[in-house]
Amino acid sequence: MSFSVTIDQNPYLPEGPQEVHAIVTVESTGSAVQTATAEVVIIDNSGSMSGSCIYAAKQAAKVAVDTIRDGVRFAVVAGHDQA
């Protein structure tokens, strides 16, 4: 089985935005896999995310996890250049 990851963002944002939302798509190919639903919350914890930025990201992650339906598999991943 192999996995691929694609990251997209809005290419039409004005110059100098304060916020960027990325869409990360993970796909798998290979041996048969049961169909399952999963939610993954990804937190940027690079150097630019210090102080109030990382606090806000953690708070948002908590809210996101709280909204996941019971029984849905989920993961929380934090990283900078490595997860």
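These exercises work through the fold, surface and confidence of one predicted model.

**Exercise 1. Which secondary structure elements does the protein chain have, and what pattern do they follow along the sequence?**

Solution. 
- Step 1: Count the elements. The protein chain has 1 helix and 4 strands.
- Step 2: The pattern reads β-β-β-α-β.

**Exercise 2. Find how β3 and β4 are joined, then trace the chain between them.**

Solution. 
- Step 1: Locate the strands. β3 covers residues 38–44, and β4 covers residues 73–79.
- Step 2: Take the direction and the bridges. The two strands run parallel, with 7 bridges between them.
- Step 3: Pick one pair. Alanine 38 has arginine 73, in β4, as its bridge partner.
- Step 4: Follow the path. From β3 the chain passes through helix α1, residues 52–66, to reach β4. This β-α-β crossover is right-handed.

**Exercise 3. Which residues make the nonpolar surface patch, and which element gives the most to it?**

Solution. 
- Step 1: List the members. They are Phe3, Val5, Ile7, Val24, Val26, Val40 and Ile42. The patch has an area of about 700 Å².
- Step 2: Assign them to elements. Two or more residues come from each of β1 (2–8), β2 (23–29) and β3.
- Step 3: β1 gives the most, with 3 residues.
- Step 4: Recall the strand rule. Side chains in a regular strand alternate between the two faces of the sheet.

**Exercise 4. Classify phenylalanine 3 and glycine 47: buried or exposed?**

Solution. 
- Step 1: Set the cut-off. A residue is exposed when its relative accessible area is over 50%.
- Step 2: Take phenylalanine 3, in strand β1. Its relative accessible area is 58%, so phenylalanine 3 is exposed.
- Step 3: Take glycine 47, in the loop between β3 and α1. Its relative accessible area is 73%, so glycine 47 is exposed.
- Step 4: Turn to the chain as a whole. Of its 83 residues, 11% count as buried.

Technical notes. Residues are numbered from 1 along each chain as its sequence is written. This is a predicted model: local features need pLDDT of at least 70, side-chain atom pairs count only at pLDDT 80 or more; totals for chains, interfaces and linings use all residues. Side-chain values use heavy atoms; hydrogens and water are left out. Two strands pair if DSSP finds at least two bridges between them. A crossover is right-handed if, with the strands pointing away from the viewer, the path from the first strand over the helix to the second runs clockwise. Patches are made of residues with over 30% relative accessible area and no salt bridge: like charges are joined within 9 Å, nonpolar side chains (Val, Leu, Ile, Met, Phe, Trp, Tyr) within 5 Å. Accessible areas come from the Shrake-Rupley method with a 1.4 Å probe; for residues, only the protein chains shown count as cover. A salt bridge is a side-chain nitrogen of Lys or Arg within 4 Å of a carboxyl oxygen of Asp or Glu. Buried means under 20% relative accessible area, exposed over 50%, partly exposed in between (1.4 Å probe, protein chains only).
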